[in-house]
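Reader: I am new to reading protein models. Could you walk me through some features, one at a time?

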Amino acid sequence: MSPGSPGRESDSAATGREQTRRRVIEVAIDLLTREGRDAVTTRAVAVAAGLQAPAIYRLFGDKEGLLDAVAEHGFAAFLAAKHVDPDPPDPIEDLSAGWDLAVEFGLANPALYTLMYGEPTRSASAAHKAGMEILMGRIRRLAAGGRLRVDEELAAMIIHATARGAVLTWLSLPEDRRDPALLTTLRESMLAAVTNRQPAVQEEGPAGAARALRAALPEQTALSDAERRLLSEWLDRLAAGDRR
């Protein structure tokens with residue numbers, strides 16, 4: 001393909017567009033961090049990025065599209081900071097460290113974190129979903145080891161709710177009232193709510209064993225799809241039996 005061919009020009013245009021898009025997002029994050037969400041207008045971002053306002057609309061559609069892109073950038077940055085150990089020596093400590101990392105990210109990036117988690121629609125991003133898969137992996141390891149006190153979906157909701165609540169509550173307090181004991185207490189409350197310090201399969205009753213088997217079920221090949229679905233339903237009922 002010759003240097004002046006349409007294919008090369010198209011690739012160059014796409015690269016330039018992506019570089020401009022990235023620069024606009026960085027400018028928007030800077031405005032958001034320094035001056036708050038109200039400062040992130042299409043006009044202000046365009047001026048700071050050295051562009052005409054229509055360029056923002058071509059790249060992002062509208063202001064909400066720009067804010068969605070900023071939130072996606074935040075989720076991607078948070079995902080990049082996560083350390084994933086596929087076989088941690090202590091799955092409870094691994095969950096605790098992951099919770100601490102989420103809270104630390106929120107405290108270090110208050111305006112960005114509030115944008116990311118302030119509205120449900122922001123959590124539809126690919127990076128957010130990838131982060132959820134990391135969390136669900138941690139939860140499944142707990143379940144497989146008989147350490148999960150509640151079902152997996154409820155555990156994920158508790159973990160998210162306590163981390164988000166910790167960050168947003170901390171940020172809402174005057175600096176002289178921010179007691180680190182708040183964060184420690186919420187983390188330990190989360191761990192107590194979703195985990196067993198000793199494997200549940202050592203306890204009386206079928207619920208813990210059912211949760212452990214349910215977590216390992218997708219990897220089993222001895223059963224047909226129909227058999228796995230039926231067994232999964234039974235295990236779900238057994239695992240929930242102690243709450244009915």
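**The cavity and its surroundings**

Author: Helix α7 gives the most to the lining of the largest cavity, with seven residues. Helices here (H or I, at least four residues) are DSSP runs, numbered from the N terminus. The model is predicted, so local features need pLDDT of at least 70 and side-chain atom pairs count only at pLDDT 80 or more, while totals for chains, interfaces and linings use all residues. Residues are numbered from 1 along each chain as its sequence is written, and side-chain values use heavy atoms, with hydrogens and water left out.

Reader: What is a cavity, and which residues are the closest to the centre of the largest cavity?

Author: On a 1 Å grid over the protein atoms alone, a cavity is a set of points where a 1.4 Å probe fits but cannot get out; lining residues have an atom within 4 Å of a point. The structure holds one cavity of 30 Å³ or more. The largest cavity has a volume of about 320 Å³, and of its 22 lining residues, Phe78, Lys82, Ala102, Leu135 and His160 are the closest to its centre.

Reader: How many residues of each class line the largest cavity?

Author: Ala, Val, Leu, Ile, Met, Phe, Trp, Tyr, Cys and Pro count as nonpolar, Asp, Glu, Lys and Arg as charged, and the others, Gly among them, as polar. The lining of the largest cavity has 15 nonpolar, four polar and three charged residues.

Reader: At what angle do helix α5 and helix α6 pack?

Author: Axes are lines fitted to C-alpha atoms, for helices over the stretch in contact, and angles run from 0 to 180 degrees between N-to-C directions. Helix α5 (residues 91–108) and helix α6 (residues 110–118) pack at about 115°, their axes 5 Å apart. Contact means heavy atoms within 4.5 Å; Ala102, Phe105, Gly106, Leu107 and Ala108 in α5 meet Pro110, Leu112, Tyr113 and Met116 in α6. These contact residues divide into eight nonpolar, one polar and no charged.

Reader: Is Thr195 buried or exposed?

Author: Buried means under 20% relative accessible area, exposed over 50%, and partly exposed in between (1.4 Å probe, protein chains only). Thr195 counts as buried because its relative accessibility is 2%. Thr195 sits in the loop between α9 (180–194) and α10. Not counting residues up to four places away in sequence, Thr195 touches Ile92, Leu95, Leu142, Arg147 and Arg149.

Reader: And how does Glu18 count?

Author: Glu18, in helix α1 (residues 6–35), counts as partly exposed because its relative accessibility is 39%.

Key:
Helices (H or I, at least four residues) and strands (E, at least two) are DSSP runs, numbered from the N terminus. On a 1 Å grid over the protein atoms alone, a cavity is a set of points where a 1.4 Å probe fits but cannot get out, and a pocket is an open set with protein on both sides within 12 Å along at least five of seven lines; lining residues have an atom within 4 Å of a point. Grid points are joined across faces, edges and corners, and a volume is the space filled by probe spheres set on the points.
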